[in-house]
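Please read these notes with the model open beside you. Take the points in order and find each residue as it comes up.

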Amino acid sequence: MTFRVRSADQRRAEIQARAAAMGIDEAFISRLVETFYGHVREDETLGPIFAGQVEDWDEHLPKMKDFWSSVALNSGRYAGKPVPAHRKLGGVSAADFTVWLSLFERTLEELAPSPEVVSYFMERADRIAKSLQLAMFGLPNLPPAKPAENF
Ligand code: HEM
């Protein structure tokens, strides 16, 4: 049996070629991020949460472009830590994540060149949203841990 060992560079090139064939490139990601956060700022649920946290949108937007470039194109440009950034947010609920995801999907439907591109981003956003919620709220459908009685 022969195994084809691909280097990280080869893998990155393959992912970027596949994404480019769908019309996903840095210009698309830039437009997606700008438009999405434009909608977020106007949203009655999410707008106030972001307004209370993001002091400098000129810093936040490039970071989010790096993030989506790393997620969608494997560019390796994002080196931040989303979990602590979200754990420190007070008053965010699972329902807010539903709003976030549906706004992201609506933005993609506005801008994406095909339904395939909508799914490409939504699959990744759903997965990341689940892991952020796990870090923020714990496992769903489990009662909160009781304090130990005997220790
Ligand atoms: C209700 C849902 C969400 C809310 C309210 C929210 C809110 C925020 C806020 C306020 C920040 C800025 C934190 C700061 O600069 O101090 C932030 C950062 C960020 N968010 Fe979210 N977020 C949500 C969901 C998501 C999802 C689903 C993703 C990814 C798919 C995501 C990805 C990120 C990333 C990558 C950062 C930058 C973290 C860093 O490196 O500093 N967020 N978010």
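The numbered points below go from the whole chain to single residues.

1. **Ground rules.** This is a predicted model, in which local features need pLDDT of at least 70, side-chain atom pairs count only at pLDDT 80 or more, and totals for chains, interfaces and linings use all residues. Residues are numbered from 1 along each chain as its sequence is written.

2. **Overall layout.** The protein chain has 7 helices and 0 strands. Helices (H or I, at least four residues) and strands (E, at least two) are DSSP runs, numbered from the N terminus. Along the sequence the pattern reads α-α-α-α-α-α-α. The C-alpha atoms fill a box of roughly 55 × 50 × 30 Å, taken along the principal axes.

3. How much of the protein chain is buried? Buried residues make up 12% of its 151 residues. A residue is buried if 20 or more other C-beta atoms lie within 10 Å of its own, exposed if 12 or fewer, and partly exposed in between; the C-beta atoms are placed from the backbone. Two residues are in contact if their C-beta atoms, again placed from the backbone, lie within 7 Å. Take the contacts between residues at least 6 apart in sequence: 75% of them join residues at least 24 apart.

4. **Helix H6, its length.** H6 covers residues 94–111. The expected span of a helix is 1.5 Å times one less than its number of residues. For the 18 residues of H6 that gives 26 Å, and the end C-alpha atoms are 26 Å apart, which agrees.

5. Which residues of H6 are buried? They are Trp100, Phe104, Thr107 and Leu108. These residues cover an arc of only 100 degrees around the axis, so they sit on the same side of H6. The arc is that of the directions from the helix axis to the C-beta atoms. An α-helix has 3.6 residues a turn, so residues three or four places apart point the same way. The face of H6 turned away from the buried side carries exposed Ala95, Thr98, Ser102 and Glu109. What covers the buried residues includes helix H2 (26–42), helix H3 (46–53) and helix H7 (115–137).

6. **The nonpolar core.** A nonpolar core is a set of buried Ala, Val, Leu, Ile, Met, Phe, Trp, Tyr and Cys residues joined through C-beta atoms within 7 Å. The largest one has 16 residues, and Ile29, Leu32 and Ala72 have the most contacts inside it. H2, H4, H6 and H7 each give two or more residues to this core. The largest share, 6 residues, comes from H2. Leaving aside neighbours within four places in sequence, Leu32 is in contact with Trp68, Thr107 and Leu111.

7. Ala27 is in helix H2. Ala27 counts as exposed because it has 9 C-beta neighbours inside 10 Å. The C-alpha atoms of Ala27 and Lys65 are separated by 9.8 Å, though the two are 38 residues apart along the chain.

8. A residue is near a molecule if its C-beta atom, placed from the backbone, lies within 6 Å of it. There are 21 residues around the ligand, and Gln53, Gly80, Ala85, Asp96 and Ile128 come nearest. H3, helix H4 (57–73), helix H5 (82–87), H6 and H7 each give two or more residues to this shell. By class, the shell has 15 nonpolar, 3 polar and 3 charged residues. Ala, Val, Leu, Ile, Met, Phe, Trp, Tyr, Cys and Pro count as nonpolar, Asp, Glu, Lys and Arg as charged, and the others, Gly among them, as polar.

9. **The loop between H4 and H5.** Asn74 is in this loop. Its phi is near 55 degrees, a positive value in a residue other than glycine. Ser75 is found in the loop too. Ser75 counts as partly exposed because it has 16 C-beta neighbours inside 10 Å. Ser75 touches Ser69 and Ser70, not counting residues up to four places away in sequence.

10. **Helix H7 and its end.** The 23 residues of H7 should span 33 Å; the end C-alpha atoms are 31 Å apart, which agrees. Ala129 is found in H7. Leaving aside neighbours within four places in sequence, Ala129 is in contact with Phe97, Trp100 and Leu101. Just after H7, Gly138 takes a positive phi of about 85 degrees.
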